[in-house]
Amino acid sequence: MAQKNYFRHSSRKDIERFGYHNWRYIGENIAAGDETAAKVFTRWRKSSGHAKNMHNKNFTEIGIGRAYNKSSKYGWYWTTTFGDR
């Protein structure tokens, strides 16, 4: 997202393209603009949809990404992908 200057959720196809296959459950939280993990986590925790992902007992695996591009709209980009295989 940072490199290509966009902000949207990944499709299931994108998640598989990056190497996560044979999943039973999948979810994703994204954020942009916040520099610190603490700020992002606080926003996700206060959002019912994001908090639901973080507390979903079906998810047993997690992947976390952070990227920065000073030329992009938001600068900082965060993604957390939740899954279970």
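Two strands count as paired when DSSP finds at least two bridges between them. With that in hand, here's a quick tour of this predicted model. Its sheet is open and has 3 strands, in the order β1-β3-β2, and helices α2 and α3 each lie across β1 and β3.

- In general, the strands of a sheet pair through backbone hydrogen bonds, in either a parallel or an antiparallel way.
- Look for the edges at β1 (25-32) and β2 (61-68), as each of these strands pairs on one side only.
- On average, neighbouring strands here are turned by 10 degrees against each other, if you ignore direction.

**The two helices on the sheet**

- Helix α2 takes up residues 37-46 and helix α3 residues 48-55.
- Across β1 and β3 you'll find α2, running at about 120 degrees to β1.
- α3 also lies across β1 and β3, but its angle to β1 is about 135 degrees.
- How do the two helices sit against each other? Their axes come within 5 Å and cross at roughly 100 degrees.
- Angles of 65 to 115 degrees count as roughly perpendicular, so that's the label for α2 and α3.
- On the α2 side, the contact is made by Phe 41, Trp 44, Arg 45 and Lys 46.
- α3 brings Ser 48, His 50, Ala 51 and Met 54 to that contact.
- Sorted by class, the contact between α2 and α3 has 4 nonpolar, 2 polar and 2 charged residues.

- The side chain of Asn 53 makes a polar contact with the side chain of Asn 29, at 2.9 Å.
- Leaving aside neighbours within four places in sequence, Asn 53 touches Gly 27, Glu 28, Asn 29, Phe 59 and Phe 82.

**Asp 34, in the loop between β1 and α2**

- You'll find Asp 34 in the loop that links β1 and α2.
- Asp 34 is buried too, with a relative accessible area of 17%.
- Which residue does the Asp 34 side chain make a polar contact with? It's Arg 43, side chain to side chain, at 2.8 Å.
- Beyond its neighbours within four places in sequence, Asp 34 is in contact with Lys 39, Val 40, Arg 43, Trp 76 and Trp 78.
- Asp 34 and Gly 75 are 41 residues apart along the chain, yet their C-alpha atoms are separated by 8.2 Å.

**Two asparagines with positive phi**

- Asn 5 sits in the segment before α1 (12-17).
- Although Asn 5 isn't a glycine, its phi is positive, at about 55 degrees.
- With 42% relative accessibility, Asn 5 counts as partly exposed.
- Asn 22 belongs to the loop between α1 and β1.
- Its phi is positive as well, near 60 degrees, and Asn 22 is a residue other than glycine.
- Asn 22 counts as exposed, with 69% relative accessibility.

Notes
Residues are numbered from 1 along each chain as its sequence is written. This is a predicted model: local features need pLDDT of at least 70, side-chain atom pairs count only at pLDDT 80 or more; totals for chains, interfaces and linings use all residues. Side-chain values use heavy atoms; hydrogens and water are left out. Axes are lines fitted to C-alpha atoms, for helices over the stretch in contact, and angles run from 0 to 180 degrees between N-to-C directions. Helices (H or I, at least four residues) and strands (E, at least two) are DSSP runs, numbered from the N terminus. Angles under 35 degrees count as roughly parallel, over 145 as roughly antiparallel, 65 to 115 as roughly perpendicular and the rest as oblique. Contact means heavy atoms within 4.5 Å. Ala, Val, Leu, Ile, Met, Phe, Trp, Tyr, Cys and Pro count as nonpolar, Asp, Glu, Lys and Arg as charged, and the others, Gly among them, as polar. A polar contact is a pair of N or O atoms within 3.5 Å; within protein, one must be able to donate a hydrogen and the other to accept it, and residues adjacent in sequence count only if both atoms are side-chain atoms. Buried means under 20% relative accessible area, exposed over 50%, partly exposed in between (1.4 Å probe, protein chains only).
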